[in-house]
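Subject: Structure for your review

Dear colleague,

Please find below the structure I am handing over to you.

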Amino acid sequence: MIRQTRERIIEALLFASAVTAVVIVLLIMVFLFKEGAPFLLKFGIHAFCLGMEWNPIAMDGEPSYGIFPMIVGSVYIAAGSLVLAVPLGISCAIFLVEIAPPWAAAIIRRGIELLVGIPSVVLGFFGLVLLVPLIRDSFGGFGFSILAGSIILAIMALPHIISISADAITAVPETYKQASLALGATRWHTIRNVILPAARSGIVAAVILGMGNSIGETMAVLMVTGNSPILPEPLYDVLDPVRTMTANIVIEMNYAAPGDHRQALFATGIVLFVMVAILNAISHRALKSRMGEGR
Amino acid sequence: MVLLMLAVISISLFGSGCIDNTDNAAETPDDAVETHDTLADIKLQIAGSTTVLPVAEECARIFMENHPGSRIFVSGGGSSHGVKAVADGTVDIGTASRDMKSTETEAHPDLVAHGVAKDGVAVTVHPSNPVTDLTMEQLQDIYTGNITNWKDVGGTDTDIMVVTREEGSGTRDCFEQAVMKPIKAEITVRGIIQDSNGKTRATVAGSAQAIGFLSFGYVNSDVKAVRLDGIMPSEQSVVDGSYAISRTLWMITNGNPDSSEQAFLDFVLGNEGQSIVEDVHFIPVN
């Protein structure tokens, strides 16, 4: 009898812990939408997301709240970081799993773990004092740029991409590899034509998760991107400054007066939240399809 | 060892007694003296400008330390909120980092504003920049984006990197009121935006092309402050009003201050309060 009640209580406690995370996410969502949605509806989702001008405290005339340049900025910087980090990350993962002798793999894994431990502010500061002047002196422009943000983010995304792709590659059944080698394929052939295709969905998931992380990252990015709320001009100029959505929230939230300005920042949060949620959903899809394939 | 432990315990007991001074006020002889303190039962609510916040918070903290039992609550909300809240009677003292608008003084003629500190915003460039002097007009043209090359204002032939602060920043507000408002223009969106005086200074110090504005307390040898219309930014030129980009930080009461409000204002305007003003990078008025 007592044992049964105890069992029940423990079950209830475990259930409570399990739902806590879900409840927290729900509460954050409710709060975010409560604060930002009224403004979004009042100002118009279309006008907010596609508006080109951000000027919440107008010197003269009406304030304007358009975050399109920031959506572009976030996507741009995240994409740029992936362009830099994905080839490097996947190559590193292949080397780790397929080629490196155990002692080298151990050292590299340690190094990657250390990279995860570097606080983003430190990376941002490194970017501000080293990377920005370097870009200014070697490529021109002001140095505060999409390129600087992408490089910093690539450094941050690298460990995640490496570890998830390494897992995906490790999960490829040993028999595939042996069959390929037995057919006379070289090691590189095996990697390129057998292992990578088999691990493809896991690698795709790694890339999309990395993208989600990159879009959500804040501190390091806002220190090196210049935060100008405008589109780069011309659009492909990676040496122009941009502002990301996260930076918009962080730099203006401190002093934003309650009312439209503050709500507009929460609305920015909603847009960001939705984008990251979509990316996460896609990456889960990709991961799941890998599980199906493996069986 | 035992002695050490005893010492630790007694210190922690003593410490907790200090914090909990409302209950223990009459129990210990030391505190008994303090109960004669007429300022001990002061209760004040202060709200308003986030720029004045550090001054108000620090003054309130020291005041409460000096007069155990007194309670001063400080919160932000912005200058407009400060004026409105004190007019509505929700707070005892409202704070503002700008002069009261005519609409505000008309709607609430009873409000009395007390200047507690001054703030100046210096325009700074990289130390290697040959430009040492700008007119207000040149500064306006640079910040609206009409002038984009240093050679147009007497410098070398390089692009100007305009560094500015985020919307809502008190320093930006001060700059906009003095520089941009007379010509009803916005600061160029092509500027680099940094979100603190410290980062602005680091940015200007790190780029020979940069121009940026800083609250006075942050100007150091890493950057070079330029003269504006021939006037060097200094505490002196701000206090006598000759330097254009400055403002007064206000504490506002509804009618003449009552005794507890007066006591706090006296503290803020006294030696201790004014040295706090200096500590948080503003210019004392007394």
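Chain A has 12 helices and 2 strands, where helices (H or I, at least four residues) and strands (E, at least two) are DSSP runs, numbered from the N terminus. This is a predicted model, in which local features need pLDDT of at least 70, side-chain atom pairs count only at pLDDT 80 or more, and totals for chains, interfaces and linings use all residues. Residues are numbered from 1 along each chain as its sequence is written, while chains are lettered from A and ligands numbered from 1 in the order in which they are written.

In chain A, the order of elements from the N terminus is α-α-β-β-α-α-α-α-α-α-α-α-α-α. The C-alpha trace of chain A spans about 75 × 75 × 30 Å along its principal axes. Of the 295 residues in chain A, 40% are buried; a residue is buried if 20 or more other C-beta atoms lie within 10 Å of its own, exposed if 12 or fewer, and partly exposed in between, with C-beta atoms placed from the backbone.

Helix α6 of chain A covers residues 146–170. It bends by about 35 degrees at A:Ala157, and A:Pro159 follows within four residues; the bend is the angle between axes fitted to the seven residues ending at a residue and the seven starting there. Because 22 of its 25 residues are buried, α6(A) is largely enclosed by the rest of the structure.

The largest nonpolar core has 125 residues, and those with the most contacts inside it are A:Ile152 and B:Val55. Such a core is a set of buried Ala, Val, Leu, Ile, Met, Phe, Trp, Tyr and Cys residues joined through C-beta atoms within 7 Å. Helix α6(A) gives the most to this core, with 17 residues. Apart from it lies another core, of 16 residues, among them A:Ile67 and A:Phe266.

Between the chains, 23 residues of chain B are in contact with 23 residues of chain A, contact meaning that the C-beta atoms of two residues, placed from the backbone, lie within 7 Å. On the side of chain B that touches chain A, α8 (170–180) and β7 (192–194) each supply at least two residues.

Yours sincerely

Technical notes:
Expected span 1.5 Å × (residues − 1).
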